[in-house]
Amino acid sequence: MSELTVIVLAAGGGTRMKSKTPKMLHQIAGRSLVGHVLAAVSEAGASRVVAVVGHQRELVEPHIAEILPEAVIAVQTEQLGTAHAVRVAVEAGAVSGGTVLVTYGDTPLLRGESLRALVADHEAAGRAATILSGIVPEPFGYGRILRDGAGVRGIVEEKDATDEQRAITEINSGIIAFDGGFLAGVLPRIGNDNAKKEFYLTDAIALAVADGLGVDAFVLDDVSEAEGANDRAQLAALGKILNERIVTRWMKDGVTVMDPATTWIDADVELAPDVTILPGTQLIGATRIDEDAVVGPDCTLKDTEVGHGARVVRTQAELAVVGPGANVGPFSYLRPGTVLGEEGKIGGFVEVKNSRIDAGAKVPHLSYVGDATIGEGTNIGAGTIFANYDGVNKHKTRIGRHVKSGSGVTFVAPVVVGDGASTGGEALIREDVPPGALAVSAGQQRIIEGWALAKRAGTPQAAAAEEALESGVPILGEPSTTGE
């Protein structure tokens with residue numbers, strides 16, 4: 001393959017999306033539309049990528065730069081047609097010789113291997129231009145490929161086609177490979193003598209044929225690769241096709257997917273062989289799942305790591321780590337910063353945030369763990385609360401190894417519980433507990449009047465208390481019944 005320059009046309013407004021988000025930045029399978037295209041052209045072996053931006057360039061340009069920092073950005077200030085956009089790319093100084101491949105930023109199903117095959121066919125034949133085409137049973141609305149014995153002799157649009165031409169089922173995808181020298185020379189010759197006064201890249205095909213240069217079409221096996229998304233309905237349809245493709249690939253690579261129809265897997269997810277995915281599961285972002293792990297049913301994991309042989313059921317997790325052999329769920333919520341060690345357990349109706357639960361430690365039932373570390377082998381009783389927030393600041397709790405916590409305990413951070421310690425049921429732990437000690441708390445309820453006004457002055461809590469006190473209604477808007 002000679003030097004390959006790819007021009008990605010991403011300047012369109014996408015008005016039919018009816019969105020404040022540029023069309024190119026709408027997402028399926030965890031990537032933007034243009035992100036999928038940039039991945040495909042990178043896989044195709046592009047030496048240079050030129051992205052033509054225009055509409056909402058202040059959003060599209062940094063997004064492209066983040067995905068592919070080496071991409072050259074060319075700005076089309078007025079959208080005057082595809083040939084005009086390509087000319088903007090050429091004038092940006094990023095296109096020289098070799099092969100120039102023109103693609104579109106809203107074709108997320110495009111495969112790198114298909115682009116490689118197109119370029120290889122184009123270069124082997126030494127043509128001026130090679131069109132990526134496809135065969136469709138219902139070609140209405142598409143430009144038709146007109147052939148003769150020597151190759152392609154033109155493209156005719158639906159509105160200009162005769163009845164005979166409308167019967168042709170080979171369509172133009174709009175993606176074209178050009179000889180770089182031919183493209184540079186033909187662009188100034190393309191006019192805008194048409195109803196829209198735009199410069200159309202397809203006119204380059206007619207000029208090449210008129211010059212007696214080689215032009216042909218390379219037929220895609222799966223024409224859906226070239227489909228674009230112009231509205232939300234098309235976006236959803238392409239998303240479904242892409243998900244089916246991703247799920248099928250993982251099944252062929254040794255992953256068991258019990259119900260492909262209800263399983264959604266993003267493009268950047270990584271799965272090991274012998275992973276099992278149960279129905280109703282979404283794997284999002286950079287999620288990684290190791291072999292023999294079972295995920296589902298009804299899980300949503302985003303940017304989450306699941307270790308070898310772990311089991312995660314009916315759980316929502318984000319930026320979390322589940323260690324080998326660990327168990328999570330059902331109905332668990334793992335917020336960012338959760339790390340569960342090997343053979344650990346986070347059980348039913350447990351929420352964990354920014355906490356490390358070491359190997360073999362368990363938080364089985366109805367608990368909240370925030371900003372904490374829990375040592376290996378420790379068992380946290382049902383209904384335990386890690387009170388990490390004092391209304392102003394977050395504080396840490398450290399629980400040692402092999403601690404036994406009773407049910408209904410509240411750990412008021414900052415507090416440390418030593419290795420081998422225990423706590424009684426319903427205990428309120430405000431002070432550090434030495435290793436091996438038993439901490440209990442009991443006694444009558446004590447009321448400290450005016451605490452919020454004195455200790456939390458200037459906060460919404462203090463304002464609410466002051467308003468209630470001034471109103472003379474002591475508790476939750478109910479009048480006092482004392483003495484009745």
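In which sense do β7 and β11 pair, and over how many bridges? The two strands pair in the parallel sense, over five bridges, where strands are DSSP runs of E with at least two residues, helices are runs of H or I with at least four residues, and both are numbered from the N terminus. Two strands are taken to pair if DSSP finds at least two bridges between them. The structure is a predicted model, in which local features need pLDDT of at least 70 and side-chain atom pairs count only at pLDDT 80 or more, while totals for chains, interfaces and linings use all residues. Residues are numbered from 1 along each chain as its sequence is written, and side-chain values use heavy atoms, with hydrogens and water left out.

Strand β7 comprises residues 129-135 and is mostly covered, six of its seven residues being buried; here buried means under 20% relative accessible area, exposed means over 50%, and partly exposed lies in between, with a 1.4 Å probe and protein chains only. In β10, Ile171 is the bridge partner of Gly134. In a regular strand the side chains alternate between the two faces of the sheet.

A further sheet, open and made of three strands, has the order β35-β38-β40 with parallel pairing. Strands β35 (404-405) and β40 (438-439) stand at the edges with a single partner strand each, so one side of each is left without a neighbour in the sheet. Two bridges join β35 to strand β38 (residues 422-423), the two strands running parallel, and Ser405 of this pairing stands opposite Thr423 in β38.

Charged side chains were examined next. A salt bridge is defined as a side-chain nitrogen of Lys or Arg within 4 Å of a carboxyl oxygen of Asp or Glu, and by this rule the count comes to 20 salt bridges. One of these is formed by Arg127 and Asp121, with the closest N and O atoms 2.9 Å apart. Arg127 is buried, because its relative accessible area is 14%, whereas Asp121, with a relative accessible area of 26%, is partly exposed. Another salt bridge is formed by Arg147 and Asp216, with the closest N and O atoms 2.8 Å apart. This pair links distant parts of the chain, since Arg147 belongs to strand β8 (residues 144-148) and Asp216 to strand β11 (residues 215-219), and the two are 69 residues apart. Arg147 counts as partly exposed because its relative accessibility is 35%, while Asp216 is buried at a relative accessible area of 17%. Arg356 forms a salt bridge with Asp358, in which the closest N and O atoms are 2.7 Å apart. Salt bridges that share partners join Asp121, Arg127, Arg147, Glu170 and Asp216 into one network.

On the surface, Asp274, Asp290, Glu291 and Asp292 gather in a patch of negative charge. Such patches are made of residues with over 30% relative accessible area and no salt bridge, like charges being joined within 9 Å. Asp292 lies in the loop between β17 (288-289) and β18 (294-295), and its relative accessibility of 38% is why Asp292 counts as partly exposed.

A cis peptide bond, with omega about 0°, joins Gly296 and Pro297, and Pro297 lies in the loop between β18 and β19 (300-302). The peptide bond from Ala413 to Pro414 is likewise cis, with omega near 0°, and Pro414 is placed in the loop between β36 (410-412) and β37 (415-417). Lys197, although not a glycine, has a positive phi of about 55° and is located in the loop between α6 (180-186) and α7 (203-210). Asp303, also not a glycine, has a positive phi of about 50° and is found in the loop between β19 and β20 (305-306); with a relative accessible area of 26%, Asp303 is partly exposed.

Notes:
Patch = residues over 30% accessible without salt bridge, like charges linked within 9 Å, V, L, I, M, F, W, Y side chains within 5 Å. Areas by Shrake-Rupley, 256 points an atom, 1.4 Å probe, with all protein chains shown as cover. Lys, Arg positive; Asp, Glu negative; His and termini not counted. Charge placed at Lys NZ, Arg CZ, Asp CG, Glu CD.
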